[in-house]
Amino acid sequence: MITMITPEAYLLTGKKAIVTGGGQGIGKGIVEALTNLGAHVAVAEINNETREQVIAEAKARGQKAMGVSVDVRSKASVDAMVQTVLKEFGQIDLLVNNVGGTTGVGPRPLHATTEAQWESIYVMNAKSVYLVTRAVADQMIKQGKGGAIVSIASIGGMWGHENLALYGSMKAALINFSQSLNGELGRYGIRVNSVSPGSIITPLSSRSNAGRPDYIDETIRMTPLGRKGIPANIAGAVAFLLSPAAEFISGQNILVDGGRGFLGRCPVPAYSEASS
Ligand SMILES: NC(=O)c1ccc[n+]([C@@H]2O[C@H](COP(=O)([O-])OP(=O)(O)OC[C@H]3O[C@@H](n4cnc5c(N)ncnc54)[C@H](O)[C@@H]3O)[C@@H](O)[C@H]2O)c1
């Protein structure tokens with residue numbers, strides 16, 4: 001227990017962490033933050049090229065990072081990932097469930113959605129977090145030393161958004177999943193929180209917002225802090241929640257969006273039958 005806050009309370013020295021989807025975007029920003037703060041990080045990523053690049057960069061900074069190939073949608077792959085990390089690191093103290101996204105399904109009204117699209121968004125955002133959390137929490141309980149888990153949800157999961165029901169409802173599920181697990185895992189010293197990004201500049205968002213300059217301008221205009229976020233902004237909140245400084249925080253969802261959401265200002269790109 002911490003009795004006085006010092007700079008060390010914000011460090012993660014020697015902690016063994018898994019970051020899913022750490023190869024690019026927000027996940028890469030989180031890997032950089034955690035390794036800079038002294039954690040040993042397993043970059044659990046499906047893309048071999050970006051995974052190896054992120055590890056090479058961490059090693060060049062003199063930090064400890066390992067790569068593990070995983071498809072978080074598959075239980076067998078997730079279980080193998082945990083075993084690989086344990087073989088190298090010996091234990092797991094921290095988990096960041098970062099993989100997620102719209103799986104290429106742009107904003108659309110209910111009538112323009114399909115069962116297959118619902119399924120793919122469910123598997124990518126909700127089932128994957130269940131599989132990884134289940135496997136890692138079991139291990140943390142077995143270790144008996146506590147732990148901390150942060151899942152990346154979304155501003156889209158905090159309020160209803162027109163044309164975003166599929167993605168938004170899965171992220172809402174993830175926020176509740178974290179809050180509910182907080183009730184179960186606290187007795188083992190495991191803290192469970194989520195972070196909800198607003199609009200963040202990443203390869204995913206750049207791809208899906210290409211050709212929507214009006215939407216981007218509108219988003220920035222509606223954001224009190226006057227810009228879109230970057231991965232480091234999300235990583236700052238994640239690193240804090242994982243750190244000893246947050247040792248009494250569990251069950252929370254932190255919105256990191258430049259101040260937009262709580263003003264009720266959330267533009268969603270327009271849907272057109274032609275572009276769907
Ligand atoms: N970018 C935003 O504006 C924004 C806003 C709100 C929430 N989010 C959430 O933040 C998280 C990260 O988003 P991002 O924009 O950095 O995404 P991204 O697509 O840029 O990066 C996702 C990473 O996950 C990896 N990945 C994808 N499928 C995988 C799988 N099945 N198994 C293992 N790895 C896999 C990808 O290769 C990639 O490296 C997601 O959960 C997303 O929903 C993003």
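1. Serine 77 has 16 C-beta neighbours inside 10 Å, so it counts as partly exposed. Keep in mind that what we have here is a predicted model.

2. Staying with serine 77: this residue sits in helix H3. Once you ignore anything within four places in sequence, its contacts are Val70 and Asp71.

3. You'll find it in the loop that runs between strand E3 (65-69) and H3. Its contacts, again leaving out neighbours within four places, are Ile46 and Ser77. The isoleucine 46 pairing spans 25 residues of chain, with 5.6 Å between the two C-alpha atoms. Aspartate 71 has 15 C-beta neighbours inside 10 Å, which is why it goes down as partly exposed.

4. Buried or exposed: which is methionine 124? Buried, because 20 other C-beta atoms lie within 10 Å of it. Methionine 124 belongs to helix H4, and it touches Arg73, Gly100, Gly101 and Thr103, residues up to four places away in sequence not counted. From methionine 124 to aspartate 71 the C-alpha separation is 9.7 Å, for 53 residues of sequence.

5. On to the helix pair. H3 (residues 75-89) and H4 (residues 115-143) pack at about 35 degrees, and their axes are 9 Å apart. The crossing is right-handed. On the H3 side the meeting residues are Lys75, Val78, Asp79 and Val82; on the H4 side they are Leu131, Val132, Ala135, Val136 and Gln139. Sorted by class, that contact holds six nonpolar, one polar and two charged residues.

6. Two backbone angles to look at if you're setting up anything torsion-based. Threonine 103, one of the residues that methionine 124 touches, has a phi near 50 degrees, positive even though the residue is not glycine. Threonine 103 is in the loop between strand E4 (94-97) and H4, and it counts as partly exposed because it has 16 C-beta neighbours inside 10 Å.

7. The other one is asparagine 163, whose phi is positive at about 70 degrees, again in a residue that is not a glycine. Its place is the loop between strand E5 (147-152) and helix H5 (165-185). Asparagine 163 has 18 other C-beta atoms within 10 Å, so it is partly exposed.

8. Now the ligand. How many residues surround it? The count is 28, and the closest are Gly21, Gly25, Gly100, Thr202 and Leu204. The elements that supply two or more residues to this shell are helix H1 (25-36) and helix H6 (203-209). By class, the shell divides into ten nonpolar, 15 polar and three charged residues. Gly100 also turns up among the contacts of methionine 124.

9. Last, the core. The largest nonpolar core has 68 residues, and those with the most contacts inside it are Val19, Leu34 and Val238. Take valine 238 for a closer look: setting aside neighbours within four places in sequence, it is in contact with Ile30, Ala33, Val96, Val150 and Val195.

How values were computed. Residues are numbered from 1 along each chain as its sequence is written. This is a predicted model: local features need pLDDT of at least 70, side-chain atom pairs count only at pLDDT 80 or more; totals for chains, interfaces and linings use all residues. A residue is near a molecule or strand if its C-beta atom, placed from the backbone, lies within 6 Å of it. Helices (H or I, at least four residues) and strands (E, at least two) are DSSP runs, numbered from the N terminus. Ala, Val, Leu, Ile, Met, Phe, Trp, Tyr, Cys and Pro count as nonpolar, Asp, Glu, Lys and Arg as charged, and the others, Gly among them, as polar. A nonpolar core is a set of buried Ala, Val, Leu, Ile, Met, Phe, Trp, Tyr and Cys residues joined through C-beta atoms within 7 Å. A residue is buried if 20 or more other C-beta atoms lie within 10 Å of its own, exposed if 12 or fewer, and partly exposed in between; C-beta atoms are placed from the backbone. Two residues are in contact if their C-beta atoms, placed from the backbone, lie within 7 Å. Axes are lines fitted to C-alpha atoms, for helices over the stretch in contact, and angles run from 0 to 180 degrees between N-to-C directions. A crossing is left-handed if the near helix is turned anticlockwise from the far one by less than a right angle, and right-handed if clockwise.
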